[in-house]
Every structure is written in structure tokens, then in C-alpha cells.
Amino acid sequence: MADYSPAEDRRSPAPEADPESTLAELLRIDGAAREEYEDLAEDLNGFIDDYPTGDPFLAIDWLAGCTESAARSGSAIVLPLLGLAASTPYAVWRSDSRRLIREVREALGAAADRLARAECRHECPVYPGETDPDDLTNRIEQILDPEEYEAADPETGEWAEEVRVWLCAENLRRLAAEHADFMDEALAEDGPVAAEGLGIHSPELKDLPDLHFHNRVYWKGRVVRRQGAFHTDSLYWGLSKLAAGGSASDDPETDPRTELLWCARDLREHGGGSADSAAQVLLLSACHRTALSDETPERVLREEVIEALSEAHRARADAVCTHPGHPLAEALGPLDRVATALRSWRPDFTHKWLEVPPPTGPAAAEQALCPVFLRGEALSVLAALRADLARRAPLPAGPDGLDARYLDGGALRLDVLGRDVRFHRTAAAPEGTPAVWCARRLAGASAPEPGTPEYAGLVLAVAHAARHPLWYAEVPGAAEELARALAPIAEDAPPLDPRFTDLGRPRLASAIPFLRDGRASHPLIRRFNGKEWSDPALLAAFARLALAEAAA
């Protein structure tokens, strides 16, 4: 069994179960808890299929506590144990909390031990061949509402066979023991969870899609941008909490990080140099420490703020101003920066949490929104975020490190490669830099055939890197290698198809993971067609565009 330290128990010791506790009490269905378990059954049905509606780990933690308490007191163990067993696979594969994993394992062990002492006084129903989470949640729903699910005889009240299976102490003991054994095997150092780098064996930063944020960020955009205008109250509520050092929430419904991620995506989507972008750069500057926090395990927040500010910095690369310096802007605290940014959109904006009149004068606001000041702020935040990402999720070192990262049995892992290049991951040496690895493979003997998704992925990756020379200036020879790889592809390239000319840099890079799909639902490009994007003529046009921009 894996080490689930720390070993101290969160619960105060409960008294041992009375040896005279009856079997009937142990198998009693707690009617008083019916409403709680009805809500729980709905939550279980969501997260066991990987579609959590709230925080699944709070529910699992509660079930573990209820199961252990029932085992110790010898009462009403059926519902909590069925729920805990149903949620155990999700906890094993998804939770990185060793405390939670330890408590789930201890609760299952306590239940198995207590039920082993309960002597069945009937012929036990046959133990089912499968005990998958869906079956167990179905039984919970049948027990809670036998009339709705026709789970009991309306005249005698006798339970249907599939329910009686779990009103048997021996079957419940076997259920608890089997799930405890499953945890021991799955979570062992040489087990499947460790092999996949998930659960308690996952890296510090989670390399997962941003399911936690996706829907809330979408709806946040619908609320904040109303017919092109900004609804500032909605933004201020969340961002002021982050700027003041408030903690994040595990519930996407109330998590203020959704406002921060929305700002990053909106800045990226509407151009780093758009009319709205000055305020958004100031907002990200005020709140970016949340993305550096230990309480933010999602890579997506760091990466997308990096991407957005990279575009904002690029758009201001040639900016000049008449200010001798920006001391008033530099003196603004995070909350003042949030207020200044929102008042640049709506000068009369006020809020019950905000001082009236405005705490910052017009001279400070002018300096804070100056493109030269914002360019410096963007670069400062970018440096901090990229250093944090490199520390928490380092790229593999050694001559073959990136080969192992990007090649799976010879096949190119476009998802991993595309993400590293899109978010400007670099190393001190060229051989450890993802974009240089792509350039060398594209120009070398192992280059994929033109027209394949692998070829398209490498060309788009190298072109994306060439269009962002800032991040490769300190990698020796990187710019030259990128140009050498693209030059032969760009020869005799046709003009870029008008349908693609308005696509910004981030949109092109975000296409890479989707190239293997014949037609995929791309989050940024409607009606994305992987085959069309693999067309050598289109890729040649992208290569020529990248070389031209790099030269300029």
C-alpha cells in the first residue's frame, strides 16, 4: 500500500462499537438523512462520469467520515458505504490529496472490519458480478425512493433482489474490502495511477483541460461583454477579492479566478493592442499573484495569462511616451489598479466596496494606462509566471528528454508539443527548447511527410515560435534554426487564404492538438477541419508569413 502520510487522523477518536449492536441497526436505512443522500446521489451521478457540478472531493470527504462513523458506532452503514464505494475510483484517479485518499482507505477498512463481526442470519443474496459506480448509485436511488423505482413490493414492502444484495452484511463487507484492495493496488508506486502520473502521483501543476473553469468563463463573458460593452460590477466583485489577496474557491460557481481567466482570454481574443486591452493588462497585473499561488494547481491559468500578456507586450513593442517616468502608476496598489482599470471603461463606476471619490487622480490613471508602462508591467508579470511554470513543471533535461516527451512509439504527441510551444516554453539550451526540437525534426531526416497531421503540427509550431522572437532571444542560435527550418517550406508559397488572414497568433497555435481529427470542435476556430489545415500550400503561406514578421 502506498504511503498516505501525514498519518495523523483529522477526527477525534470515536468510541468502539457496542459488541451487542444488532445487525438490524447496522443495516438500518437512516430516514432522517434521506434529503442529504438525495442531493448526494445527484452529485455522484455527475462526478463519477467526470462531469462534476460542484466540488466532488467535499462529497467524498463527507462520505468517508459518515462511513467511518457508522462503522465505529455500528449503525446505518448502508447508504454511506454504497456512496463511498461508488466514488472510490474517482478519488483514486482524480484526487491529489493524500489526506483524502488516506481517509477513504481507512473508512473502507473500518467498514470491512465492522461488517465482518456482524453475523448474517439469512441466506446471503448472490454477490453481483459487477459493482461499478453507476450500479451502486442506482441502488442508492432505489433505496431512497422505492416507489418511484419500483424497488419494493407495494403491499409487503419486501425489497427487490437487486436492493437486497446490499442489505446483507457479508456483501457489504466484501464491497468495502474489494474497494480497499483496489485502492492499494491502483495507488501503489508501480501501479496504474503512478504510471499515468495522475491522482496522488500527479505533478505539482495539473496538466489537465480546464474543465474547472470552462463553462463559468464562457458565461462570464456573456455577462461581462454585453453587446460589446463591459459590465464592470461583475468583474469588480471577483477581481477585487483576488487583488486584496483573497483565497480562491474550489467551486467554479463562485471562484473569482474565472474573472481572471476571462480577462486573459478576452485580451487574447480581441487583440493585445485593442482599445479595451490597456485596462485588461492592468487588471492582470493587479491580480496575477493568484496564478502564482500554491492554491492554484491548474496550469491553464498560468499559461493563458502568459499567452495574453505576450500578445499585449508584442502589440506595445514600439510604443513611446512623453512621461519622464511612471512613479504614480508604480505606487498604485492592486486594488487601486483594479479600480483604475474599470474606470477607464466606465468613468462613473462605483461600488459599495470602493471609495468615492476615486482614490486615484487623473495623473496616476494616465500613467497607469500608458502603453510604455503597461509594456513593462506585462514583461515583469510574464517573467514571474514563466519562472513559476518552469519551476513547478520543468521540461525534461538531457539529450533525449524532449524525445521521450513528444514521441510515443515513434508517433508525435501533438497535444503535448502544441501546448509547450503555444505557451512559449523554453530552456537555456537549444536542445531543451520545444520549438527548436520541432525545427530540427522538421529539417532533419526524420521529418514527417507533407500532408500529414505530424508535418502540419511541426510547421505550425515552428512558425508560431518564429513569430514570437522575444522568447527565443536568449536561447543560443534558436532564431536561426527556426528560420532555416521554415525557409525551404516558404519558397514559392501562395498568398495566405483570406479566411485565415484575420486569425491571431494564439488561434493558430491552439490548432495544433486538433490536427489529427478529421473534424473537431475547436474552441477558437469554428468548423475546424484538420485535413484542410494539413494542406502543404496553406502551411507554406504560414511559414512565409512567420519569416516576414520575424525579419520585420
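1. Arg 102 and Glu 106 sit 4 residues apart, about one turn of the helix, both within helix α5 (residues 98-116). Helices here are DSSP runs of H or I with at least four residues, numbered from the N terminus. The two residues form a salt bridge whose closest N and O atoms are 3.6 Å apart; the term requires a side-chain nitrogen of Lys or Arg within 4 Å of a carboxyl oxygen of Asp or Glu. The structure holds 21 salt bridges.

2. This is a predicted model, in which local features need pLDDT of at least 70 and side-chain atom pairs count only at pLDDT 80 or more, while totals for chains, interfaces and linings use all residues. Residues are numbered from 1 along each chain as its sequence is written, and side-chain values use heavy atoms, without hydrogens and water.

3. Helix α16 (residues 299-315) packs against helix α22 (residues 414-422) at an angle of about 50°, the axes being 10 Å apart. Axes are lines fitted to C-alpha atoms over the stretch in contact, and angles run from 0 to 180 degrees between N-to-C directions. The pair is therefore oblique, a class left after under 35 degrees (roughly parallel), over 145 (roughly antiparallel) and 65 to 115 (roughly perpendicular).

4. Contact (heavy atoms within 4.5 Å) involves Arg 299, Val 300, Glu 303 and Glu 307 of α16, and Arg 419, Asp 420 and Arg 422 of α22. By class these are 1 nonpolar, no polar and 6 charged, where Asp, Glu, Lys and Arg count as charged, Ala, Val, Leu, Ile, Met, Phe, Trp, Tyr, Cys and Pro as nonpolar, and the others, Gly among them, as polar.

Terms used. Helix = DSSP H or I, 4+ residues; strand = E, 2+ residues; numbered from the N terminus.
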